[in-house]
Each structure stands twice: as structure tokens, then as C-alpha cells.
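This briefing is intended for reading alongside the sequence and the three-dimensional view.

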Amino acid sequence: MVSEVKQISSKAVPLIGNDIDTDRIIPARYLKAITFDDLKEGVFVDDRKALNGEHPFDQIPYQGANILIVNRNFGCGSSREHAPQALAKWGIKALIGESFAEIFFGNCVAMGIPCVIAEGEVVKRLQELVIAHPQEVVTIDLEKLQVQISNFTAAVVMSEGTRSAFIAGTWDACGQLVANAEQVKATAAKLPYIAWGNLVAS
């Protein structure tokens with residue numbers, strides 16, 4: 001499996017507002033789900049009902065968009081993996097924002113969804129451009145650390161460790177374990193917990 005994430009190009013969906021928390025992204029009643037498979041229907045469900053079809057996730061021009069452009073402190077609140085999972089089931093593969101809640105950011109990284117940070121004015125401009133031209137493709141380039149739409153290009157930020165993990169494909173911790181299963185077994189067999197080591201190595 002190829003796990004490298006170097007560039008994401010897609011239509012984008014603008015979601016304007018600060019402090020959008022995980023309870024709004026996916027309400028608590030959806031946490032009873034055994035799998036994440038059906039979370040698409042619950043993403044922003046209460047906000048969408050309140051806006052009666054005017055929420056960006058319901059508007060036709062943004063259907064099929066894979067990039068979400070948000071403002072400050074996105075994903076704050078309860079530390080639930082269901083929030084990025086719900087976004088992913090809707091189709092989101094990357095986010096651009098002014099800032100992200102730490103646990104939400106970590107959950108996104110664990111799923112292979114890069115969250116890049118841009119200055120407030122850059123985010124505002126991107127949102128305005130997407131609203132004016134919803135069919136335009138937005139490109140996030142993790143190698144160059146920049147975002148582009150049409151002739152507008154701006155710098156984005158991501159910590160070097162996270163950026164390197166995406167580019168090298170090492171963000172996928174489970175995938176790394178599976179790919180190196182023999183080494184894991186060999187190491188486990190050498191551990192002093194003999195019974196457990198033998199069980200893993202068998």
C-alpha cells in the first residue's frame with residue numbers, strides 16, 4: 001500500500017467560523033455506532049438542519065470536494081475520533097485552517113489527513129476565492145508547503161516531523177507495524193517476557 005501524502009488537489013469547501021467543535025462536526029448520539037461506515041450522514045447534521053440546505057456541506061457546488069477550509073481552533077471540544085472519521089466519510093482528505101485543536105489534529109494525522117495552517121488573511125482569501133469559483137481546484141503541496149488556487153499561491157505551515165511522516169508515508173503507524181511484522185516478531189521474541197515473546201513469535 002502506498003501511504004505517501006505529498007500533494008492533494010481537489011475542489012474545496014469553505015466553512016466559515018471559529019471554534020467549531022467536535023460536537024458540531026458529529027453529535028454525541030452518533031458515537032453509539034459500532035463502525036465509522038455510516039458517519040457521513042451525521043457530519044454537521046444539526047448545523048445542516050438549522051440552515052435548511054444552506055450549509056456548505058449541502059450546497060451542490062461543493063459536492064465532491066476533498067479539501068475543507070476552516071478558521072481558528074477547528075476541532076476543539078470532546079476528543080473523539082468520530083469527528084475526523086465523519087469528515088473523511090463525507091470525502092474530506094485534507095484541511096487548511098488558521099489553527100486546529102491538538103487532539104483533532106493528531107487524529108487526522110493518524111488517518112492520513114493532513115491539516116495545514118495558514119495566516120488568517122490567507123484563509124479568508126482562500127474561502128472567498130472558493131465561494132466565488134467553487135469549481136476551481138485547490139492544491140496543497142506538502143513538499144513546497146504551499147497552497148494554490150488559480151493564480152493565488154500562499155505559504156502554509158506544518159511541523160517538520162508531521163510533514164516528513166506524510167511525505168515518507170510513515171504517518172500510518174498500523175501500516176508500519178504490518179509492513180515490518182517479521183522484525184516486530186523477532187524483537188518480541190528477545191524480550192524478557194518469555195511466554196508473551198514466544199506467543200508473538202509463533
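The points below begin with the chain as a whole and then turn to its sheets, helices and selected side chains.

The structure is a predicted model. The secondary structure of its chain comprises nine helices and eight strands. Four of the strands form an open antiparallel sheet, and an open sheet of four strands with parallel pairing is also present.

**The chain as a whole**

- The chain has 202 residues, of which 44% count as buried.
- The accessible surface amounts to about 10700 Å², and carbon and sulfur atoms contribute 54% of that area.
- Among contacts with a separation of 6 or more, 67% are between residues 24 or more positions apart.

**The antiparallel sheet**

- The strand order is E1-E6-E7-E8, and the pairing is antiparallel.
- Strand E1 (7–10) and strand E8 (152–155) are the edge strands, each of which pairs on one side only.
- From one strand to the next, the twist averages 10°.
- Helix H5 (residues 120–132) packs on this sheet and touches strand E6 (138–141), E7 and E8. The direction of H5 makes about 150° with that of E8.
- E1 and E6 are joined in the antiparallel sense over four bridges; serine 10 has valine 138 in E6 as its bridge partner.
- E6 and E7 likewise pair in the antiparallel sense over four bridges, and the bridge partner of aspartate 141 in E7 is glutamine 146.
- These two strands, E6 and E7, form a hairpin with four residues between them. Leucine 145, in the turn, has a positive phi of about 50°.
- Strand E7 (residues 146–149) pairs with E8 over four bridges, again in the antiparallel sense. Here isoleucine 149 has phenylalanine 152 in E8 as its bridge partner.

**Burial of strand E6**

- In a regular strand, side chains alternate between the two faces of the sheet.
- Both faces of E6 are covered. Val138 and Ile140 are buried on one side, and Thr139 and Asp141 are buried on the other.

**The parallel sheet**

- The strand order is E2-E3-E4-E5, with parallel pairing.
- Strand E2 (12–14) and strand E5 (115–117) stand at the edges with a single partner strand each, so one side of each has no neighbour in the sheet.
- Neighbouring strands of this sheet are turned against each other by 20° on average, direction ignored.
- Strand E4 (residues 94–97) and E5 run parallel and are joined by three bridges. Isoleucine 96 has valine 116 in E5 as its bridge partner.

- Helix H4 spans residues 102–111, and its residues Phe104, Asn107, Cys108 and Val109 are buried.
- An α-helix has 3.6 residues a turn, so residues three or four places apart point the same way.
- The cover over the buried residues of H4 includes H1, helix H3 (82–90), E4, E5 and helix H6 (160–168).
- Just after H4, glycine 112 adopts a positive phi of about 80°.

**Aromatic pairs**

- Four aromatic pairs are found in a search of the whole structure.
- Phenylalanine 44 and phenylalanine 57 form an edge-to-face pair, with 5.1 Å centre to centre and 70° between the planes.
- Phenylalanine 44 lies in the loop between helix H1 (22–25) and helix H2 (45–51), and phenylalanine 57 in the loop between H2 and strand E3 (67–69), so the pair ties together parts that are 13 residues apart in sequence.
- Phenylalanine 44 counts as buried because its relative accessibility is 0%; phenylalanine 57, at 1%, also counts as buried.
- Ring pairs link Phe44, Phe57 and Trp90 into a cluster.

**Aspartate 47**

- Aspartate 47 is located in helix H2.
- Its relative accessible area is 18%, and aspartate 47 is therefore buried, the cut-off being under 20%.
- Leaving aside neighbours within four places in sequence, aspartate 47 is in contact with Arg24 and His55.

Terms used. Residues numbered from 1 in each chain as written. Heavy atoms only, no water. Pairing = 2+ DSSP bridges. Axes fitted to C-alpha atoms, helices over the stretch in contact; angles between N-to-C directions. Contact = heavy atoms within 4.5 Å. Phe/Tyr/Trp six-rings, centres within 6.5 Å; stacked < 30°, edge-to-face > 60°. Buried < 20%, exposed > 50% of the residue type's maximum accessible area, 1.4 Å probe, protein only. Areas by Shrake-Rupley, 256 points an atom, 1.4 Å probe, with all protein chains shown as cover.
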